[in-house]
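Please brief me on this model.

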Amino acid sequence: MKPSFLINKPTKFISLLAVLLIACSQSEPDVSSGAISGNQTLAKQEAFKDAPYKTIQWTDLMPQDDLDALLNPPAYLDEIEDGSEEDMLSNQFMLAMAQASDDRYMQALSSTRIKPEFDNERIRLPGFIVPLEFGEKQTVTHFFLVPFFGACIHVPPPPPNQIVYGIFDKGLKLEALHEPVWVTGILKTTLTENHVATSAYTMEVAEVEIYSE
């Protein structure tokens, strides 16, 4: 069965990105004032360790105004012919356009803005793995988690706030890139940049399992 967060690869990637992100599918943390004793701190740490993981959607990680911008693409995108040179823009050129533009849609395509309430949250998120580093026996220890297959490989990456950089010391034996997975761990609002893509979130991964509804 096709995962509920996945739809077919778009023929016009930029104009349909928002639809992909929607298909791929908080309150501020309670901070107490005053001094906290060592015992209280230890108790909170133990409680955090045993707290359940919260299942979230990709769009939960995106500020609402970025999402609104992607849901309302500018009219000029309709004038781009499928398969044309304009439709096959390189990632670097797209990024340069977004950074130089005051167009909110283009800005949202390269947005590194995060939802601060997700910092240090225990979450569970579905997606596809893009391997970055390998450990012993060719297990994947560092990867990008992305909301749709082919992102960062066959098509340009989604916005940085729709990419999670995963650190999995245990390592993962990845059988196939096209297989979706559930990734569970502690999310951090930490920016990571490399030659493949930029991610606005990092996860200390606890578990990776094959996706199921």
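Strand S5 (residues 181-188) runs antiparallel to S8, and eight bridges join the two. Within that pairing, Val181 faces Ile210 of S8. Pairing here requires at least two bridges found by DSSP between two strands. Strands (E, at least two residues) and helices (H or I, at least four) are DSSP runs, numbered from the N terminus.

This is a predicted model: local features need pLDDT of at least 70, side-chain atom pairs count only at pLDDT 80 or more, and totals for chains, interfaces and linings use all residues. Residues are numbered from 1 along each chain as its sequence is written, and side-chain values use heavy atoms, leaving out hydrogens and water.

- Ile167 has Glu204 in S8 as its bridge partner.
- S5 also pairs with S2, antiparallel, through seven bridges.

- Strand S1 (residues 54-55) lies parallel to S2, with two bridges between them.
- S3 pairs with S2 in the antiparallel sense over six bridges.
- Glu133 is set against His142 of S3.
- S2 and S3 make a hairpin with five residues between them.
- Lys137, in the turn, has a positive phi of about 55°.

**Thr139 in the loop**

- Thr139 sits in the loop from strand S2 (121-134) to strand S3 (140-146).
- Is Thr139 buried or exposed? Thr139 counts as buried because its relative accessibility is 16%.
- The buried class means under 20% relative accessible area, exposed means over 50%, and partly exposed is in between (1.4 Å probe, protein chains only).
- Leaving out residues up to four places away in sequence, Thr139 touches Glu133, Phe134, Gly171, Leu172 and Lys173.
- A contact means heavy atoms within 4.5 Å.

**Confidence**

- pLDDT is the predictor's confidence in each residue, from 0 to 100.
- The protein chain has an average pLDDT of 77, and 63% of its residues score at least 70.
- Among the chain's elements, S5 has the highest mean pLDDT (98) and helix H1 (residues 13-23) the lowest (51).
- Residues 6-16 stay under 50 in pLDDT, with 33 contacts in the model beyond four places in sequence.
- Residues 26-36 are also below 50, and this stretch has eleven contacts beyond near neighbours in sequence.
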